[in-house]
Every structure is written in structure tokens, then in C-alpha cells.
Amino acid sequence: MAALNGLTPSRQPVADWIRNLPAAANTNGAGQTIAKGDAVAYVNGVIVPASAGQDPTHPGFGVVLAVYTTANRPFTFQTNKIIVSGAVGRVDVCFDPNQTYIVRCDTSAGPSNLGKNAVLAVSAANAVTGISGHSVNIPASSSINDLFKIINISPFDELAGKGTGGGANNGVEVKWNRHLLHAATA
């Protein structure tokens with residue numbers, strides 16, 4: 001089973017595609033927080049949590065690499081290492097539309113799912129460690145508005161033999177499908 005760590009870059013993000021921006025949690029009405037590894041959107045100059053499910057409210061913008069207070073200080077000595085619901089802060093976000101991420105897939109994913117769209121599944125972040133609870137799911141039917149596309153299956157889930165597929169909760173590599181800077185596909 002892949003760890004629940006949110007979206008983790010599969011390669012080192014290019015510094016030109018990382019920005020430190022203001023962030024506000026709970027702007028989509030879902031009571032979401034913002035943590036390291038969360039998929040986020042960019043609305044009116046502020047980073048907000050990405051909407052879960054199919055046909056999200058906003059296109060994706062990036063993935064949070066680090067979370068800070070409004071004074072741009074780390075949450076090192078604070079109880080919560082995330083931007084809690086209803087609060088504001090700052091984040092380092094990788095907004096490269098070509099960056100790929102490793103993430104847990106809640107539904108069963110195997111080789112037949114390569115190239116298929118995936119939707120964001122939002123679970124609570126770990127406030128003590130500051131790590132995201134985001135994962136992805138494969139919808140019954142794809143939409144042009146699905147946020148991600150599966151491009152690889154974790155090799156650790158293929159240990160039973162090539163092409164056998166994996167079960168639920170295995171790791172997948174995803175790329176943005178619906179990104180603010182990238183045209184989406186169904």
C-alpha cells in the first residue's frame with residue numbers, strides 16, 4: 001500500500017516553476033486545510049485548496065512544497081504544521097504543468113488505467129507532521145475537467161508479475177490534466 005503523503009514530485013522541481021504565494025484555506029466551502037503535498041488552485045491572486053471529485057470548481061495550479069505563516073516563517077514550533085481551515089498563510093508551490101507526481105490511488109489501478117484520467121480525493125491532512133491527505137480515484141467515466149491523468153503504475157505494486165495490475169491503494173504517477181496553464185483532455 002502506498003503511503004498517504006499527498007502528491008510527491010517524482011523528480012526535482014525546476015526552481016523557475018516554484019513560487020512563494022499567499023494562501024487561504026477553506027475558500028471552496030469544504031472546510032479544507034492546506035498542507036505539504038496538497039493540490040491547489042490559483043484564484044484572484046491567492047492559492048486555495050483544489051476541489052475534490054469530477055468537474056472541480058477551478059483548474060489546478062500546482063502542488064504545495066512547503067507551508068509557512070503569514071510572516072513567511074516555517075510552522076516549526078507551532079502545534080499545527082498546516083494552514084488550518086479558515087486561516088491564511090504562505091506556500092511554496094510548484095506550478096509546472098509538466099511536473100509529475102507520485103500519489104496513492106484509492107481505487108484499483110493497473111496497466112489498463114495508463115493514460116486514463118483521475119480525480120482528486122481529499123482526506124484530512126496530518127496537522128502534526130504537516131503532510132497532505134490527498135489521493136486520487138479513477139472515475140467511472142472521464143471528463144475533460146478531471147484534474148489528473150495516470151501515466152505510470154508504481155513498480156512496487158507490480159511485484160506479482162508484469163501486467164498483473166494492482167489493487168486499491170497502490171501508488172501511481174500522475175500528470176496534470178486540467179491545469180491553469182495547460183489544455184485539458186477527456
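Which residue in S4 does Ala41 stand opposite? In this predicted model, the residue facing Ala41 is Val48 in S4.

## Pairing around strand S3

Strand S4, which covers residues 46-49, pairs with S3 in the antiparallel sense over four bridges. The two strands form a hairpin with two residues between them, and in that turn Asn44 has a positive phi of about 50°.

S3, made up of residues 39-43, also pairs with strand S5 (residues 62-68), again in the antiparallel sense, here over two bridges. Within S5, Gly62 is the residue that stands opposite Val40.

Because its relative accessibility is 0%, and the limit for a buried residue is under 20%, Gln99 counts as buried.

The side chain of Gln99 makes a polar contact of 2.9 Å with the side chain of Arg11. When neighbours within four places in sequence are left aside, the residues in contact with Gln99 include Pro9, Ser10, Arg11, Gln12 and Pro13, together with Cys94, Val174, Lys175 and Trp176.

## The salt bridge

Side chains of opposite charge can pair when their charged atoms come close. One salt bridge is found in a search of the whole structure; Arg104 and Asp106 form a salt bridge in which the closest N and O atoms are 2.7 Å apart.

Notes:
Residues numbered from 1 in each chain as written. Predicted model: local features only at pLDDT ≥ 70, side-chain atom pairs only at ≥ 80, totals over all residues. Heavy atoms only, no water. Buried < 20%, exposed > 50% of the residue type's maximum accessible area, 1.4 Å probe, protein only. Polar contact = N/O pair within 3.5 Å; in protein donor to acceptor, adjacent residues only side chain to side chain. Contact = heavy atoms within 4.5 Å. Salt bridge = Lys/Arg side-chain N within 4 Å of Asp/Glu carboxyl O. Pairing = 2+ DSSP bridges.
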